[in-house]
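Colleague: I have the model open and want to go through a few spots with you. Can we start with the terms?

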Amino acid sequence: MAEIARTRHGSSAGQPLTRRDGVLKVTGQARYAADNHPPGMLHAVLAISRIARGRVTFLDVEAARAHPGVVEVMTPANRPSLAQDPDDKSVPFSFCLDLLQTDRVRYAGQPIAVVIAETLEAATEGAALLAPRYEAEPVRVSLDGEDAFVPPAVGVGAPAEMWHGDVEAGLAAAVWRIEAIYETPPQFHNAMEPHGIVAAWDGDQLSLDMPTQGLAITQMRLAALFGIRTEDIHIRSPFIGGGFGSKLLTGPQVLGVLAARLVGRPVKLVLRREQMYGPVSHRAPTRQRLRLGATQDGALMAIHHHVRTATSRFDEFFEPSAGVTHTLYAAPAIATTNEAVRLDMGTPGFMRAPGEASGSIALESAIDEMAAACGMDPLEFRLRNYAEVEPVSGKPFSSKALRECYAEGAARFGWAGRPLAPRQMRDENGLLVGWGLGTATFPALMFQGQARAVLRRDGTGLVEAGAHDMGQGAWTALAQIAADSLGLDPERLEFRAGTSDLPDAGIAGGSAHTATAGSAIQAAGEQAIARLTELAVADPRSPLFGAGNIGVVARGGRLVRWDDENRGEAFADILARAGLAEVEGRGSAAADPLLAERYAMHAHGAVFAEVKVDPDLGQIRTTRLVGAFAAGRIINPRLVRSQYYGGMIWGVSFALHERAVLDPRTGRVMNADLAEYHVPVNADVPSLEAILVEEEDLHVNTLGIKGVGEIGITGTAGAIANAVWHATGIRTRHFPIAIEHLIHEAEASRQAG
Ligand code: MOS
């Protein structure tokens, strides 16, 4: 009965379906890249640099090669030649690569050799025998220094300086002013599945099993590097154990491809956890200065958000942390400025909500400080400065249900009972309790994508899209869109994704994958249905004869008249009468530049946090998080909640746990493993609630989807920091917040007052 009801209503989108790949995963049948072992396969292991800058002067290649089981050692001396310089970035989405082109070292953890052996153990032991010697040069891994420069652009082409209105005049005229500096640490990618590859050459044909968030862009980069055709590169990436941006770019896995070429056999290369802390990009550290001014009654007059960040010495990526300030709060004068320094580290890059995550911590903390300065409740202050149009651009929002997010989140959390002053609440054990709020935001983006849809005479459908499931649920959500576009029950739909031989459905990044691949799928399905409709309405034997294109809809495997669902016929009958095995549709999607000119398009949310702080020991725990998010149309509420939870947990990590510690003498990451690089474990994760606030967006794309992958991390860490202040009266501006910060701040304010 449920089945019938569902097809009658004609929509699987909006339903909380469980993952189509769920059983495969929990039974261990889902095959990840490193699960593949083609016949004759060898194992490759990286040797990485222990210095951050200088030269490798010696590698004991003879000792490694003499080790039993070792087949070959790849170094700059014998590495197969490439058709393109690894530092050539002419292919879109390229970063400079370290592929053993020279003996130069430009960051700690850089690959300096690859040992290839019959077994993983032999390759690992061989790599240890290389015993490299170096000529080390002085390094710099800190944001301190006098040589900052203004980057040419931040993020993906955003201007580094933006002045709107007279900020200095606004600050000078303000009654309330705050100025504060917030620091966020470098963070390294730690997806559960490290980067890996199984590479096999057959002449100029290259076969790869590798996790990627961008099948087509990976093909393009590899084609350029190896001087072969994109269509000769076959990538299988059906399951990805987390990406978060680190698997968008072609990275050190290329060394596995080179190794396979060198030895003429298939090769598997999987990075060890420690090796994730160098060549696969990271979130750059930031030091952000916020200056805010407000009127007596709490109206913002000016905001200046200045960011100092870092990039590598040899490449360009600039964390766009101030972008959130263009969007979130109304003020007559807003400026965002950026500067950067060059560090002896790998090039930073995309890491879940790159820019928005770090930037919203500073902005949301500063807004909280300003609210306190004005003597206002932080929610009331945010509503007082609510942006009805996008402040800097002046554009209307395509939709914006942030007010509803505040209201629904506050009601659920119980915000109304919050005392204004800090250090007012204790729990039954005497722990200090604090409540904080952070606003979440992330742009609604679209990339280019294509898809193919087929209706078959047996009443089933097929949709093909080279889409990527990183664990977010693309196998399920995109199949729901596909099923609806073809008027089929999801169980009657075969969905193919995750391989490079399918139509390129666009990168899985920027929280835009469901919107992009989904829109392409929708268009492909519509075209298949339109073709079927043409067959039916032109055929006098069909009950739909003469109904015309507009008058027909696809439901439950049938075409029916729009005005009378009882008059119609099954897809299978139409195809059979026409003597066709199937009809096909193709679709594509892309961002519409006219839309972006007309509207500001963003998802929004509000995150409410409760923390408890031990007044004697300074121990902090997040005990409760309520996030309310509005992100347009929701295809699968179960999966979307899961995305929000994941983002919010990363917010907890940002606030309280996660940071890479670099040794200023050697430039090495001192905590390059999951024992010392802290991420939340189950015991650190509080009670989580994610409220899906209703929002209809008629502009953003045909499906009305804004994307949900990244917004959960924005807002959350700021909310937690604000809750820590509310619990203790101590304002912490260094992240992650540590016990010693609380103690130092408490000590400092005791001495001052
Ligand atoms: Mo995301 S950082 O675009 O995977």
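Modeller: Contact here means heavy atoms within 4.5 Å. This is a predicted model, in which local features need pLDDT of at least 70 and side-chain atom pairs count only at pLDDT 80 or more, while totals for chains, interfaces and linings use all residues. Residues are numbered from 1 along each chain as its sequence is written, and side-chain values use heavy atoms, with hydrogens and water left out.

Colleague: Which residues is Phe314 in contact with, leaving aside neighbours within four places in sequence?

Modeller: Cys96, Asp98, Arg106, Tyr107, Arg342, Met345 and Thr347.

Colleague: And where is the place of Phe314?

Modeller: In the loop between strand 16 (300-312) and strand 17 (333-343). Strands (E, at least two residues) and helices (H or I, at least four) are DSSP runs, numbered from the N terminus.

Colleague: In what sense do strands 15 and 16 pair?

Modeller: Antiparallel, over nine bridges, with strand 15 covering residues 286-294. Ala294 is opposite Leu300 of strand 16.

Colleague: New topic. At what angle do helices 11 and 12 pack?

Modeller: About 20 degrees, with the axes of helix 11 (residues 474-485) and helix 12 (residues 513-537) 8 Å apart. That makes the two helices roughly parallel, a label for angles under 35 degrees, with over 145 roughly antiparallel, 65 to 115 roughly perpendicular and the rest oblique.

Colleague: Who makes the contact on helix 11?

Modeller: Leu478, Ile481, Ala482 and Ser485. Helix 12 contributes residues including His513, Ala517, Ile521 and Ile529.

Colleague: Last one. How many bridges join strands 28 and 29?

Modeller: Six, between strand 28 (residues 620-630) and strand 29 (residues 687-692), which run parallel. Leu625 has Leu688 of strand 29 as its bridge partner.

Notes. Two strands pair if DSSP finds at least two bridges between them. Axes are lines fitted to C-alpha atoms, for helices over the stretch in contact, and angles run from 0 to 180 degrees between N-to-C directions.
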